[in-house]
Amino acid sequence: MPSNIVLVTGVGGELGGRLLARLGNNPDFERVIGVDTTPPAKAVLQRMGRAEFVRADIRNPLIAKVISTAGVDTVVHASTTCHPAAPGRRTAIKEVNVIGTMRLLAACQRSPKVRKLVVKSSAAVYGASSRSQAVFTEDSELIPASTSGYAKDAVEMEGYVRGLSRRRPDITITMARFTNLIGPEVDTVLSRYFSLPVVPTVLGYDARMQLLHSSDALAVLEQATVEDKPGVFNVGSEGVLTLSQAIRRAGRVELPMPRGVVPSVGRLLRGARLVDFSADQVRLLNFGRVVDTTKLKREFGYTPRWTTREAFDDYVQGRGLRPVVDGPRLARLAGKVAVAAATGQAGGR
């Protein structure tokens, strides 16, 4: 059965907003509704076609009324956050990721008209450590990098989705585990990290990075909405970049530092509201993460248009990043600041 009335969460974000505009211009849908606590970007509002925006909080039980009143048959859950860009309130983000997902899935379970659910998840559920697999498949064990981070939220969220599938086996569920998104308009911790003039790294580590262009992420969500594609799918671009290669391609200056100093640098960047270095992100930058996308190509029927290298280069060009001038001097200065911060905090203890 084709989808007729679609509800998309998280339309205030870059990916959710673009999906709303894309679906709103698809004549095959009778109605497309976007919900979020903040409206979509102005550019999205100008080209969202027949789509509607409803200011609603998925953490509120009233989301069930929106779904039932509109007769929604397809729900696209795109509001989950695993890679926040700037420092934010951890509690608020966790509420959206976990409590919001619980409320939304409860509403789906109670509505007899809901027949399809598409969920944006993250490859961060696999974790990142010295013991991690070289390549993760969809059957790999879910081991988040920390017990309280954003990746842990994603693991909990997926658990709720599996619970829904047991209670409502009639609902077609698609779970897309995205690798880190990149692109000219993407604002995540990685996009901000690679735009720093001097990029701190951990001495002795050079992680493998597998990225995904936001346009490919959008295409996967759209295809899962238009067609029935049940299952869990890793979604990432072909190829990898090492951390040092990515830094050089962005024209940045790498600053290797002892592992013990990195948390201090992270606190400095977080305090300056530049980059939110969570424990999940630090471990990713240490050990990297690569997923197998065979199932995406063979069963889902999609091959990403952008390779990891091409996606990263498009981000660099789109952001207008230029090689850092007088990089060595900046690196020396940054190194002194990092050491001073670490020394000061050690002295305070």
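**Note on a predicted model**

1. Arg259 sits in the loop between strand S13 (253-257) and helix H9 (262-271); helices (H or I, at least four residues) and strands (E, at least two) are DSSP runs, numbered from the N terminus. The model is a predicted one, in which local features need pLDDT of at least 70 and side-chain atom pairs count only at pLDDT 80 or more, while totals for chains, interfaces and linings use all residues. Residues are numbered from 1 along each chain as its sequence is written, and side-chain values use heavy atoms, with hydrogens and water left out.

2. Arg259 has a relative accessible area of 42% and is partly exposed (buried is under 20%, exposed over 50%, partly exposed in between, with a 1.4 Å probe and protein chains only). Neighbours within four places in sequence aside, Arg259 is in contact with Val202, Tyr205, Arg283, Asn286 and Phe287, where contact means heavy atoms within 4.5 Å. From Arg259 to Val282 the C-alpha to C-alpha distance is 9.9 Å, and the two are 23 residues apart in sequence.

3. The chain has 13 helices and 13 strands. Of its 349 residues, 55% count as buried. Among contacts with a separation of 6 or more, 81% are between residues 24 or more positions apart.

4. Helix H1 (residues 14-24) is largely enclosed by the rest of the structure, because nine of its eleven residues are buried. Among them are Leu15, Arg18, Leu19 and Leu23.

5. The axes of H1 and helix H7 (residues 214-226) come within 10 Å and cross at roughly 50 degrees. Axes are lines fitted to C-alpha atoms, for helices over the stretch in contact, and angles run from 0 to 180 degrees between N-to-C directions. H1 and H7 are therefore oblique to each other (under 35 degrees is roughly parallel, over 145 roughly antiparallel, 65 to 115 roughly perpendicular, the rest oblique). On the H1 side the contact includes Leu15, Leu19 and Leu23, and on the H7 side Leu218 and Leu221.

6. The largest nonpolar core has 29 residues, and Phe178 and Val220 have the most contacts inside it. Such a core is a set of buried Ala, Val, Leu, Ile, Met, Phe, Trp, Tyr and Cys residues joined through side-chain atoms within 4.5 Å. Elements giving two or more residues to this core include H1, strand S6 (172-178) and helix H11 (294-300); H7 gives the most, with six residues. Beyond four places in sequence, Val220 is in contact with Ala176, Phe178, Val235, Leu296, Phe300 and Tyr302.
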